[in-house]
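Here is a short briefing on selected local features. Please look over the sequence and the structure before reading on.

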Amino acid sequence: MERRVTAGAGGAPAGDGELLTIGAFARACRLSPKALRLYDELGLLTPERVDPHSGYRRYAPAQLERARLVAWLRRLGMPLARIREVCALAPNAAAAEVAAYWAGVEADTAARRDLAAFLVDQLSRKDTVMTGPSTPVTMRCAALTDQGLVRPAHQDAAHAGPRLLAVADGYGPGGDLAATAAIEALKDLEHHDLTSADLPAALEEAARRAHRAAPSAGEATGSTLTALLRSGTQLALLHLGDSRAYVLRDSGLFRVTHDHTWVQSLVDEGRLTPEEAASHPQRARLLRALDGATDFAPDLQLLQARPGERYLLCTDGLTSVVPPETIQDVLTAADDPGLAVRELIRLTREAGAPDNVACVVGELTAAEAAA
């Protein structure tokens, strides 16, 4: 069956003697015949000529440069859709695109390295908890919110208590009420003496009640919710939306939540770099939230904490303008959680505060030290 016959240079059909067989072309460009057939099907590397009877592919020597570029970009791990875009660009623009892609890879690698370090530390603690003596602890904490310098209304809410830390970022016409309701739904947990086994279920059920109570009619209204519930040194973390939770440990500052946004999903798929995502016009589009209309699907995890660690929960009004390095410096230097939240709000306003902001800082402290 005839698929196509393409013209050679000058518009005339290329003679077979001037072309390379698929095997010879594969050896020359270091791509397998299987890969070449795939790239042909995708329109990424089309043969110069296809025999109308046998379907056998032949390539022009001039196509080797593009083929080698494709091979190199695949070795970098670049997705095929992005390779097609690079190959369509002029050399300088293609070089800039490759540089941008690799910057994204390095940023992602650094984030995964930090996550791996956090998981190694977290998992190694489990044996210590099972075999070591229990240390009575308490939580020093502080919460602060600010309307910012641009928004006409304040729709963020926060809570800080000895057992519960939480932030919520409302959106839509009733966003302020949605965020406040989300926090209020959890506050009763402060008065329950829960075991570590009960923590995730209790936190999830309280958040589920808030989700069911959220308005689901009319204009889109809802709230994010990120919360930590403590029993001793065990912390249950619940997360929905693009507010965030961080922990400051001896080994550094770690983000322990993953944004539930459409833009983050594009980063996860390799279609956007983290830098591109930060300025994307739809970066606030949520895939999960407390809204009463979508499925209730929070992230839940149980963390093992130690005295001296500090935990930060914050809305995106902080993280969109204050970089992680600065956040770490503030959490490290502040004498107490109250000073930390005030300094973080100050830095947000200094950076223009384009959004509402809420932040909570909790510090786990040995009970005797806090007495």
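Strand β14 covers residues 357-366, and T365 is one of its residues. The model is a predicted one.

- T365 is buried, because its relative accessibility of 12% falls under the 20% cut-off.
- From T365, the side chain makes a polar contact with the backbone oxygen of E363, at 3.5 Å.

**Helices α6 and α7**
- Helix α6 spans residues 175-187, and helix α7 spans residues 199-213.
- Their axes come within 9 Å of each other.
- The crossing angle is roughly 145°, and the crossing is right-handed.
- On the α6 side, the contact involves A182, A185 and L186.
- On the α7 side, the partners are L203, A206, A207, R209 and A210.
- Seven of these contact residues are nonpolar and one is charged, with no polar residue in the set.

- D198 sits in the loop between α6 and α7.
- Is D198 buried, exposed or partly exposed? D198 is partly exposed, because its relative accessibility is 36%, between the cut-offs of 20% and 50%.
- D198 and S231 are separated by 33 residues in sequence. In space, the C-alpha atoms of D198 and S231 lie 9.2 Å apart.

Methods: Residues numbered from 1 in each chain as written. Predicted model: local features only at pLDDT ≥ 70, side-chain atom pairs only at ≥ 80, totals over all residues. Heavy atoms only, no water. Axes fitted to C-alpha atoms, helices over the stretch in contact; angles between N-to-C directions. Helix = DSSP H or I, 4+ residues; strand = E, 2+ residues; numbered from the N terminus. Left-handed = near helix turned anticlockwise from the far one by under 90°. Contact = heavy atoms within 4.5 Å. Nonpolar A, V, L, I, M, F, W, Y, C, P; charged D, E, K, R; others polar. Buried < 20%, exposed > 50% of the residue type's maximum accessible area, 1.4 Å probe, protein only. Polar contact = N/O pair within 3.5 Å; in protein donor to acceptor, adjacent residues only side chain to side chain.
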